[in-house]
Amino acid sequence: MSAATHSLPAVRFENVSRYFGDVRAVDNVSLEIHDGEFFSMLGPSGSGKTTCLRLIAGFEQPTQGSIFLHGTRVNDLPPYERDVNTVFQDYALFPHMTVEENVGYGLMIRKVPKAERQRRVQETLELVRLPQMAKRKPSQLSGGQRQRIALARALVNRPRVLLLDEPLGALDLKLRQEMQIELKEIQKRVGITFVFVTHDQDEALTMSDRIAVFNAGRIEQIGTPAEVYEHPQSTFVASFVGTSNLVPSDMARKLTGQNETFSIRPEKIRMVEPGAPVQDGWAAVEGTVREVVYLGMLTRYLVQVDGGSELTVVRQNLDETSMDVLSAQGKRVQLTWQRAFDRVLESPQ
Amino acid sequence: MTTISATTNPTTRPSLIRRVSTFFHRHPTLTLVLLLAVPLLWLGVVYLGSLLALLLQSFFRLDDFTGQVVREFSLDTYGQLFTRANMDIVVRTVAMSAAVTMACALLAFPISFYMARYASATGKVAFYIAVTLPLWSSYLVRVYAWKLILAKEGVIGWFFQAFGLQPVLDAVLAVPVIGGPSLSVSMYGTFFAFVYVWLPYMIIPTYTALERVPRSMLEASADLGARPLDTFFRVILPLAFPGVVAGSIFTFSLTLGDYIIPGVLGNSAFFIGQVVLTQQGTAGNIPLAAAFTVVPMVIMFIYLFIAGRLGAFEAL
């Protein structure tokens, strides 16, 4: 790949909108996806992330704006003329073809010679670790295996951009976590740009180089997992990515003297004896433990702050048994955190 | 169960309906037997029983002198069946059935495709009603309607005359074997009427099969580089094929057995159904009628076997 094409973004949206009647599924979105990165589109259902993916694939046409793939405007290009491939949410494997025929479909359509086709199909099946399944029908595979075959069917064409539409949604938790790591490894190995749509924030944080957080057809924030998690730019991002305590302005004024809403992550709050001395640069409030939720590895405490709202605190069960943590219910506590960790949000509600 | 009812309603015993429900819930096999008893009896006695009686009859023979059925095993009737004249009837009927089936499939596919892929929800309902609407009225009325439409003085004849196409119509009618003095008194008439009356039976299963092909599968094909025509031949058609075969079983077998349409429209060449009717009615030759009835059954078995070999049932 020449340096010139390398510098071009793999995907670029320029003020793209997609309306369905009165519904603005995608509302004036601009973004750039770098060549070779693992890019996630994260958001709740109906936030426009899947529509964005379909716009890249060519299944939808933008109502307004332009879409570029490696610098070429593709608005009017049908799916079969775009150098992208998709892994579908329901896998969409062809039931009347064997695994081998499914994976080789794109190569056959492009008239790749049979010998090379077979070699590449076998190679790709090995990449997804299912080389022995070539002769089976999709109906004879488990959900996890179908998922891998769908991935192989897209990867075998060596597209420049691979689109994945919630590909792990139908798998159980253990399998999903395995596949997350495996997908990331495959992406590093093949060096293809991955555009990954998910509503699962853990998944997005685990795999992505960068994340775009979608809400109501718009992008709320684009950044690395750490940026999105540690520096949420809006109330929505703070609450959708991980859990956050959103401290409303009236309580914020009492705490910090400033009238701005801010967020603080539950794991950043310390729970200590009431009246304990407060260090410089730390915020402190007192309250009563209203509820204790024992989660095995962690315990979540809901603390009713005096004269204010509720804060959630998460603590690792390091030196305590379940009996110890559950007995905290109803106790008076002091909550403190480093002021450096709270985040003033740009768009207070 | 008792403990639950005791806690929810400690003073009274559970009601009768509840006890009956519980009984059946606990004895699923008995429930199944009770549910299936009547339909199984119907299938076993009335349905298969009559078929068996039919098969038996075909192995009896008619005594030419007395006109009585001789109830002894013999292959005489089948010998009679395999005469030149009777085989002509079989070939004619099978050829008509095949032609009707192909015409129905060709007409039904685009309609079904539009219904399944492009029509809105209300459009689908409208299409569905339009397709099944002819089935609401009497078959006989519709067949006679075709007789008038296709008659020499009918609307089609008028159309050909009005546009100066009479020579075309004459040429079409001059074709040997299938031609005749007018459309309604030729094989064309029989063919048109058959295609018309059986078309819904082809559209519905084809539509159902097409409806079951998820949109994502077509998108996947396009995504992998296939142009619409490739997608059609490699994905849509193979997946819809079982539906077309299901429809063809209807159109083929219904044409094989019908005796009314060739009686009303056509050049009075006999079809299997008509032979069965005359043999068991006026001629009183029930064994030969039975033997004739076995023919479409055998043909259907062969048909299903070939369809199975073609992989028609693989994508089910």
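The model is predicted, so local features need pLDDT of at least 70 and side-chain atom pairs count only at pLDDT 80 or more, while totals for chains, interfaces and linings use all residues. Residues are numbered from 1 along each chain as its sequence is written, with chains lettered from A and ligands numbered from 1 in the order in which they are written.

**Chain A overall**

Chain A has 11 helices and 18 strands. Helices (H or I, at least four residues) and strands (E, at least two) are DSSP runs, numbered from the N terminus. The C-alpha atoms of chain A fill a box of roughly 80 × 45 × 40 Å along the principal axes. Chain A has 349 residues, and 38% of them count as buried. Buried means that 20 or more other C-beta atoms, placed from the backbone, lie within 10 Å of the residue's own. Take the contacts in chain A between residues at least 6 apart in sequence: 64% join residues at least 24 apart. Two residues are in contact if their C-beta atoms, placed from the backbone, lie within 7 Å.

Strands pair if DSSP finds at least two bridges between them. Both sheets below have antiparallel pairing.

| Strand order (chain A) | Strands | Edge strands |
|---|---|---|
| β2-β1-β4-β5 | four | β2 (23–33) and β5 (72–73) |
| β13-β17-β14-β15-β16 | five | β13 (270–272) and β16 (310–316) |

Strand β4 (residues 64–69) of chain A pairs with β5(A) over two bridges. A:Leu69 stands opposite A:Thr72 in β5(A). Helix α2 (residues 49–57) of chain A packs on this sheet and touches β1 (11–20), β2 and β4 of chain A. The direction of α2 makes about 65° with that of β2(A). Such angles run from 0 to 180 degrees between N-to-C directions, with axes fitted to C-alpha atoms, for helices over the stretch in contact.

Seven bridges join β14 (residues 282–294) of chain A to β15 (residues 298–305) of chain A. A:Thr288 stands opposite A:Gln304 in β15(A).

**The nonpolar core**

The largest nonpolar core has 143 residues. Such a core is a set of buried Ala, Val, Leu, Ile, Met, Phe, Trp, Tyr and Cys residues joined through C-beta atoms within 7 Å. A:Ile56, A:Val161, A:Val195 and A:Val213 touch the most other members. Helix α10 (residues 187–211) of chain B gives the most to this core, with 18 residues. A:Val195 has contacts that include A:Val11, A:Ile33, A:Ile56 and A:Val161.

**A helix pair in chain B**

Helices α5 (residues 84–117) and α12 (residues 228–257) of chain B have axes that come within 8 Å and cross at roughly 145°. Among the residues making the contact are B:Met96 and B:Val100 of α5(B), and B:Gly247 and B:Phe252 of α12(B). By class, this contact has eight nonpolar, seven polar and no charged residues. Ala, Val, Leu, Ile, Met, Phe, Trp, Tyr, Cys and Pro count as nonpolar, Asp, Glu, Lys and Arg as charged, and the others, Gly among them, as polar.

**Where the chains meet**

The contact takes 17 residues from chain B and 18 residues from chain A. On the chain B side, α11 (215–223) and α12 each supply at least two residues. The largest share, six residues, comes from α11(B). The chain B side divides into 10 nonpolar, two polar and five charged residues.

Terms used. A residue is buried if 20 or more other C-beta atoms lie within 10 Å of its own, exposed if 12 or fewer, and partly exposed in between; C-beta atoms are placed from the backbone. Lists of a residue's contacts leave out its neighbours within four places in sequence.
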